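Please keep the sequence and the model in view while reading.

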2 protein chains.
Amino acid sequence: MKQHVYLNGHIVPQSEARIPVADRGFRFGDGVFETIAVYNRVPYQWDLHMERLKAGLHALDIPADVTPLQGAAHALISINELNDATLRIAISRGVGSQGYLPTGGANPTVVMETADRITPPATPESLWVSKWEKPSPKALPVEYKLAQGVNSSLARMEAAGHGCLDSILCNARGEICETSSANLFWKKGDMLYTPALECGLLAGTTRAAILRLSPYAIEEGAYVLDTLADADALVVTNTHWQAMPIVEIKPNGWNFAESEALADALRNVLANDIAS
Amino acid sequence: MKQHVYLNGHIVPQSEARIPVADRGFRFGDGVFETIAVYNRVPYQWDLHMERLKAGLHALDIPADVTPLQGAAHALISINELNDATLRIAISRGVGSQGYLPTGGANPTVVMETADRITPPATPESLWVSKWEKPSPKALPVEYKLAQGVNSSLARMEAAGHGCLDSILCNARGEICETSSANLFWKKGDMLYTPALECGLLAGTTRAAILRLSPYAIEEGAYVLDTLADADALVVTNTHWQAMPIVEIKPNGWNFAESEALADALRNVLANDIAS
């Protein structure tokens, strides 16, 4: 695969895609990003990603123009000779002061990279329950993909240390939010359940697609962890995994016999939507 | 001032101090930093900064060796021809995967920059009270200087928008933590008060110096914002400002008549410690 990167209006070889150490993205994670699935050269749910990206930039008061991104995405997919891929767009506040207060005017850094599609694990996976809380929406606008990844990285490393795919993160009230990298859906009887955005979680685009396409009725709400004890099926959803079956919540020993069937059903409606 | 930067073992001109866009520092703010005051070519409280830096790296499981930093600091101060300055050390997890789970082994990015000492404002300043909560220590190891600056940046921009130096951040229980950029000390009668680390705040090195050197008895505890209503004096403390007098908490209209005297007293003990 040819590896070029879009950086501030130019497509350059990956080895030349470098930013100053004074970029506030590096100093403070002061930016937002999007990870977009590309199928047959077409970014899936582009408009939804751009809506969330613009809202995140607005929340952080970063004055970046997303208009050139669609053309840039097509050019990058073309030059990297990709059909199915992952597109990652990152926008930081750009080079700025050493202090938290941004100074020196608006000069955002815009990066777009591609990567191969991740092949999801072939067998169902287990989840851990993180010792870390999800950061509160009163502390950060967590509904956007902020470049504030330490909480997620700690939770993901914790899961790996216990032989699990990922960790469930709950809020300070003990309500289920999401995993480090994905939203959660579970099934009891004929109903699907997923945490409401008000619990403090990423407004995932795959979550949005499932809310739009689900063959089952869905209830969004505030659910404590014990709610999962008697679920029939559990899946995690994101751009990489689409819908991934979870066979067990390991520390609790809770098992989910119908997760693969639920994942298949959800992947099926997603595949139809992608093809349409 | 000559501007060179230390980057991964080499001192290079600032214009060449660039990192790949794939650095997890840029992707996720996945790193820690220190800001150290340099007086007469000597970094102040070096050992204390290195202790906190090492503890932060350990908390994030970033395997970086800080041993070369002291020699690098002296070389950088020398080549940049500085006497009094600020030294900023940033260590990220380095180039890594697009996902939260670190992959590809340990290859941290180490950056050291210098800057002129900031001249604190000549007149006392006001503080705002942020609408944002401080991230919980249950969500992030906030006692270290994580490269997770969005909460602080939002609070600092909020303060600037109201004509204030900085914003006070409280935790979810309404207890005072710190400002976006500094720790807080206030005086009632002959006693100084400052929030305890257990409230969820940065273990500031200037805070530590004041705890060590204060001419007044100090109580560390959990204090709600209203505690400040009848304080006689209020200061904010960090490496840049040392001890800065606060004349007013603006949204509440609370005034502090003795803040300049307190700031002078604290700056005096700090100056003696720096000179010794």
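Arg41(B) counts as partly exposed, because its relative accessibility is 35%; here buried means under 20% relative accessible area, exposed over 50%, and partly exposed in between, with a 1.4 Å probe and protein chains only. Arg41(B) sits in the loop between strand E4 (31-39) and strand E5 (42-43) of chain B, where helices (H or I, at least four residues) and strands (E, at least two) are DSSP runs numbered from the N terminus. Although Arg41(B) is not a glycine, its phi is positive, at about 70 degrees. Most residues other than glycine have a negative phi. A further case is Asn8(A), also not a glycine, with a positive phi of about 50 degrees. Asn8(A) is found in the loop between E1 and strand E2 (10-13) of chain A, and with a relative accessible area of 40% it is partly exposed.

The model is predicted: local features need pLDDT of at least 70 and side-chain atom pairs count only at pLDDT 80 or more, while totals for chains, interfaces and linings use all residues. Residues are numbered from 1 along each chain as its sequence is written, chains are lettered from A and ligands numbered from 1 in the order in which they are written, and side-chain values use heavy atoms, with hydrogens and water left out.

The strands of chain A come next. Six of them form an open sheet in the order E2-E1-E7-E6-E4-E5, and the pairing is antiparallel; two strands pair if DSSP finds at least two bridges between them. At the edges stand E2 and strand E5 (42-43) of chain A, each of which pairs on one side only. Within the sheet, strand E4 (residues 31-39) of chain A pairs with E6(A) in the antiparallel sense over eight bridges. In this pairing Gly31(A) stands opposite Ser92(A).

How many residues does each chain bring to the contact between chain A and chain B? Chain A gives 57 residues and chain B gives 58, contact meaning heavy atoms within 4.5 Å. The size of an interface is often given as the accessible area lost when the parts come together. The area buried between chain A and chain B is about 4,900 Å², and carbon and sulfur atoms give 63% of it; buried area is the accessible area (1.4 Å probe) that two parts lose on being put together, summed over both. On the side of chain A, Phe26(A), Gln98(A) and Tyr100(A) lose the most area to chain B, together 16% of what that side buries.

Across this interface the rule finds 22 residue pairs in polar contact, both residues being at pLDDT 80 or more. A polar contact is a pair of N or O atoms within 3.5 Å; within protein, one must be able to donate a hydrogen and the other to accept it, and residues adjacent in sequence count only if both atoms are side-chain atoms. Several elements of chain A give two or more residues to the side that touches chain B, among them strand E3 (18-20), helix H1 (24-28) and helix H4 (150-161). H4(A) gives the most, with eight residues. By class, this side of chain A has 29 nonpolar, 14 polar and 14 charged residues.

Side chains of opposite charge can pair when their charged atoms come close. A salt bridge is a side-chain nitrogen of Lys or Arg within 4 Å of a carboxyl oxygen of Asp or Glu. The whole structure has 18 salt bridges over all chains, and two are found across the interface of chain A and chain B. One salt bridge joins Arg27(B) and Glu113(A) (2.6 Å, N to O). This pair runs from helix H1 (residues 24-28) of chain B to strand E7 of chain A, and both Arg27(B) and Glu113(A) are buried.

Within chain A, Arg212(A) and Asp273(A) meet in a salt bridge (2.9 Å, N to O). Arg212(A) lies in helix H5 (residues 205-213) and Asp273(A) in helix H6 (residues 259-275) of chain A, so the pair ties together parts that are 61 residues apart in sequence. Arg212(A) is partly exposed at 49% relative accessibility, whereas Asp273(A) is buried at 16%. Finally, Arg24(A), Asp30(A) and Arg93(A) are linked in a network of salt bridges.

Notes. Ala, Val, Leu, Ile, Met, Phe, Trp, Tyr, Cys and Pro count as nonpolar, Asp, Glu, Lys and Arg as charged, and the others, Gly among them, as polar.
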